[in-house]
Amino acid sequence: MFSTQNFIIYLLLCAGVTYLIRMIPLVLFRKKIENKFVLSFLYYVPYTVLSVITVPAIFYATSSYITAAIGFITAIIAALYKGSLVKVAALSCLAVLIAELIIKYL
């Protein structure tokens, strides 16, 4: 099943991978990056990763895909109207709650 020896091996592997991910860029890029394409690529990486993590989680957070889509669309519309993060989250949660109640009682 699960032993202490396996845990230590897994822990060392995770620590090694984490260390390599942080160390490799320091070793490979010794001078300042000046290429505009690479700089623009690196600028958008955090936004892309956040989107890739968040969007699938949205569709698995509710009891149906329909209510999740309603909340997602509400969040997009609120964000396009320059709503703050708190307003966007509150409106999308409210939209999901209302949609869930409508589906439940229909």
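This is a predicted model: local features need pLDDT of at least 70, side-chain atom pairs count only at pLDDT 80 or more; totals for chains, interfaces and linings use all residues.

Student: OK. What covers the buried residues of H4?
Tutor: The cover includes helix H3, residues 65–80.

Student: Which residues in H4 are buried?
Tutor: Val88, Ser92, Ala95, Val96 and Ala99. Looking down the axis of H4, the buried residues fall within an arc of 95 degrees, so they line one face of the helix.

Student: And which exposed residues sit on the face turned away from the buried side of H4?
Tutor: That face carries Val86, Lys87, Cys93, Lys104 and Tyr105.

Student: Let's zoom in on Ser92. Why does Ser92 count as buried?
Tutor: Its relative accessibility is 13%. The cut-off for buried is under 20%, so Ser92 qualifies.

Student: What is Ser92 in contact with, leaving aside neighbours within four places in sequence?
Tutor: Gly71, Thr74 and Ala75.

Student: New topic: Leu101. Where is Leu101 found?
Tutor: Also in helix H4. Leu101 counts as partly exposed, at 41% relative accessibility.

Student: How far apart are Leu101 and Thr67 in space?
Tutor: 9.9 Å, C-alpha to C-alpha. In sequence, Leu101 and Thr67 are 34 residues apart.

Student: Last one, on helix geometry. What should the 21 residues of H4 span at 1.5 Å a residue?
Tutor: 30 Å, for residues 85–105. The end C-alpha atoms of H4 are 30 Å apart, so the model agrees with that expectation.

Technical notes. Residues are numbered from 1 along each chain as its sequence is written. Side-chain values use heavy atoms; hydrogens and water are left out. Helices (H or I, at least four residues) and strands (E, at least two) are DSSP runs, numbered from the N terminus. The expected span of a helix is 1.5 Å times one less than its number of residues. Buried means under 20% relative accessible area, exposed over 50%, partly exposed in between (1.4 Å probe, protein chains only). The arc is that of the directions from the helix axis to the C-beta atoms. Contact means heavy atoms within 4.5 Å.
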